[in-house]
Amino acid sequence: MTVLTSGDRGDTQNAFRRVSRFAAWLGLWSRLRQLDRDFRGLSRRACLRVWLSWLVSRQARELALRRYERTCFSWPIEAEYSSWLRHESERVASDLVTIGGGRGQVPAVRFSLLMPVSAADPALLREVLDSLRAQSFAHWDLCISLHSGADEDVRQVLAEASGQDARVSLLSWAGEEALSTTLNRGLSRGVGDYVAVLGREDRLAPEALMTVAQVLRAAPGLQLLYSDEDKLSAGGERFDPHFKPDWNPDLALAYDYVSRLCVYRRDRLLALGGFREGFADAPGDALEDAGEHDLLLRFTRGLAPERIHHVPRVLYHRRTRGDAAGVSTNGEGNAAEAGLRAVTDHLAEVAPDASVEPADVPHACRVRWPLPDPPPLVSLVIPTRDGVEILRPCVDAILERTDYPNLEVLVVDNESRCPETLAYLHDLKKDARVRVLEWRRLFNFSAINNHAVAQARGDLIGLVNNDVEPINGDWLDEMVRQACRPAIGCVGAKLYYPNGRIQHAGVILGIGGMAGHGHKHFPGEHPGYFSRLKLVHNVSAVTAACLLVRRSVYDQVGGLDEENLPVAYNDVDFSLKVREAGYRNLWTPYAEAYHHESVSRGGRDTLEKRRRFKGEITYMRTRWGKALDNDPAYNPNLTLAHEDFSLR
């Protein structure tokens with residue numbers, strides 16, 4: 001059998017080689033076990049059964065090849081979403097049968113849905129109502145706020161609906177009445193335990209309420225639940241799915257990524273006063289969304305993260321508003337202003353010294369967190385050995401381009417012998433901001449950094465590779481502002497390859513069976529998956545090529561693991577230890593640098609290096625196996641074979 005092989009991490013140098021059928025199927029199985037979540041955690045006996053079935057059964061082999069194609073190939077969402085939906089519909093049908101399929105097999109919960117209607121396409125409005133009647137979960141009620149200016153055909157559709165189904169009620173919405181007021185009147189009239197807003201031309205998936213009800217049966221203490229969503233074209237085709245992360249507080253500050261379907265616990269919603277006047281006070285959907293962002297921030301303030309649940313399934317279909325009737329032509333600017341005000345008001349309660357400004361993304365925000373006065377000392381640790389041609393640009397850029405006023409640079413020399421390097425290190429000692437430390441032992445990245453941190457004087461520790469060059473002068477200022485927040489642990493930067501493409505924008509757990517960099521090799525100006533490359537957000541881990549953390553947190557988790565992870569994955573392990581200690585890790589696009597990745601260390605080109613690397617992988621899988629299989633900052637519907645946010 002002839003197979004196509006390629007290097008790790010998207011290497012373009014491909015080659016064909018001939019292997020035995022046995023070896024080919026063994027390789028296919030090994031790669032699937034690395035990348036497919038469904039195969040992880042299987043016992044050895046179960047693995048053997050699956051593999052043997054592939055060897056003896058043609059049908060099993062065909063299924064295996066389709067699974068391999070689906071898992072290991074990169075399928076752009078734009079091109080392959082319809083194909084993905086066919087597979088998903090089969091899984092949904094199977095899940096509903098597993099649930100019990102019956103309307104009686106449900107917890108004692110009821111949903112109240114609110115739908116403001118000012119103007120709409122009557123045919124699309126009927127589709128919304130049909131999607132409710134098609135729900136496999138029957139315990140819901142719908143309160144429709146009907147604007148006094150609505151057309152007669154819209155009124156007729158809604159009157160028919162309320163007359164045919166006792167669960168549907170109409171509420172008069174006077175022309176001068178604020179939308180927030182009528183929504184709150186509907187909220188008070190509802191009888192459900194949980195409340196959601198439904199767009200006047202959007203649709204719910206048939207299993208939407210049943211799925212949420214099942215989650216609540218397993219975890220009745222949840223206060224807020226939200227799902228993934230997609231869009232509907234003018235012809236009703238589904239496209240542009242948004243596969244969201246689990247609760248991500250810093251992304252929620254940037255914009256309302258939660259969006260819909262979002263289900264709120266009704267009693268908490270009432271206690272907060274419901275929708276606020278000034279955020280949802282006109283018929284346009286853009287203003288409705290601004291009101292929901294304000295509500296989300298107020299609802300989650302002080303709410304424990306474990307009371308918030310993300311359902312990683314597309315349960316809501318949002319009509320593209322360019323196809324909808326009656327959308328305000330000037331609402332977008334008002335919505336952006338209202339969104340900024342929602343974040344500003346929220347921060348006034350939790351961080352009065354922070355400020356908000358528009359981000360480089362429509363309707364999104366950038367929060368500027370306060371800098372302590374005086375600015376704390378930052379200790380930047382840079383391990384090195386020879387290679388003055390990469391060390392000099394790194395250190396010179398830090399010393400010359402960094403605006404932050406209070407830093408020290410600790411260059412840790414691991415037995416350099418190059419005369420030019422030694423001369424440069426000698427010259428560095430003349431700068432009062434620089435100290436050169438000695439490490440006269442075998443290379444151990446973790447031990448070298450721990451050695452330097454023990455001698456550092458700063459309240460904040462920066463781990464910086466010797467092949468990193470800062471770009472913007474306020475890179476360290478931004479990282480310090482983030483790292484000084486009590487809830488934040490590790491802070492990572494936006495790193496570029498020398499050609500301007502993305503090298504690091506946060507670490508995604510599970511990529512390639514272990515971890516990888518999200519958006520790797522994307523163009524530097526690309527907005528990223530739903531604008532993630534332009535917005536601050538929480539991630540599970542960041543690279544130690546440029547990482548900032550408070551000294552107290554570094555010491556609390558014991559620093560980098562010198563014994564088990566001397567070279568690889570020590571930054572992922574460190575980040576996970578910080579997260580385990582209760583802190584949120586964070587990536588910011590506002591700290592930018594070039595990174596000549598692994599120039600100083602080279603590749604794994606010896607048997608000793610390969611053995612060491614294999615041992616580090618084994619340790620990581622043993623220590624963090626479950627965490628590596630489920631990254632809350634990612635989504636299980638997205639691939640683990642590539643770093644491009646393509647479909648699984």
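Reply: Contact here means heavy atoms within 4.5 Å. This is a predicted model, so local features need pLDDT of at least 70 and side-chain atom pairs count only at pLDDT 80 or more, while totals for chains, interfaces and linings use all residues. Residues are numbered from 1 along each chain as its sequence is written, and side-chain values use heavy atoms, with hydrogens and water left out.

His310 belongs to strand β11 (residues 308–319); strands (E, at least two residues) and helices (H or I, at least four) are DSSP runs numbered from the N terminus. Relative accessibility is 5% for His310, so His310 counts as buried; buried means under 20% relative accessible area, exposed over 50% and partly exposed in between, with a 1.4 Å probe and protein chains only. Leaving out residues up to four places away in sequence, His310 touches Tyr226, Ser227, Asp228, Lys244, Pro245, Asp246 and Asn635.

Next come the strands around β6. In a regular strand the side chains alternate between the two faces of the sheet. In β6 (residues 194–197), Tyr194 and Ala196 point one way and Val195 and Val197 the other way, and all are buried. Two strands pair if DSSP finds at least two bridges between them. Strand β3 (residues 111–117) runs parallel to β6 over four bridges, with Leu113 bridged to Ala196. The pairing of β6 with β10 is antiparallel and has two bridges; here Val195 is bridged to Tyr264.

Tyr264 leads on to the aromatic pairs. Rings of Phe, Tyr and Trp (its six-membered ring) pair if their centres lie within 6.5 Å; planes under 30 degrees apart count as stacked, over 60 as edge-to-face and the rest as tilted. This rule gives 13 aromatic pairs. One of them joins Tyr264 and Phe299 edge-to-face, at 5.0 Å centre to centre and 70 degrees between the planes. The pair links distant parts of the chain, as Tyr264 is in β10 (residues 262–265) and Phe299 in helix α11 (residues 285–300), 35 residues apart. Tyr264 is buried at a relative accessible area of 4%, and Phe299 is buried at 0%. Tyr569 and Phe613 have ring centres 5.8 Å apart and planes at 25 degrees, so this pair is stacked. Tyr569 is in the loop between α17 (551–556) and α18 (570–580) and Phe613 in helix α19 (residues 607–629), so the pair ties together parts 44 residues apart in sequence. Both Tyr569 and Phe613 are buried.

An aromatic cluster is formed by Tyr529, Phe530, Tyr634 and Phe645. Phe645, in the segment after α19, is buried at 6% relative accessibility. The phi of Phe645 is near 60 degrees, a positive value in a residue other than glycine. Most residues other than glycine have a negative phi, and most peptide bonds are trans. Glu415 also has a phi near 60 degrees; this residue is in the loop between β15 (407–413) and α14 (419–428) and is partly exposed at 23%. Two peptide bonds are cis, with omega near 0 degrees: Arg260 to Leu261, and Asp373 to Pro374. Leu261 is in the loop between α9 (249–254) and β10, and Pro374 in the loop between β13 (365–368) and β14 (378–384).

Two arginines lie over ring faces: Arg366 over Tyr590, at 3.7 Å from the ring centre, and Arg485 over Trp369, at 3.8 Å. The rule for this asks for NZ of Lys or CZ of Arg within 6 Å of the ring centre and within 35 degrees of the ring normal.

Last, confidence. pLDDT is the predictor's confidence in each residue, from 0 to 100. The chain averages 86, and 81% of the residues score at least 70. Residues 282–287 stay under 50, and the model gives them 16 contacts beyond four places in sequence. Residues 322–331 are also below 50, with 15 contacts beyond near neighbours in sequence.
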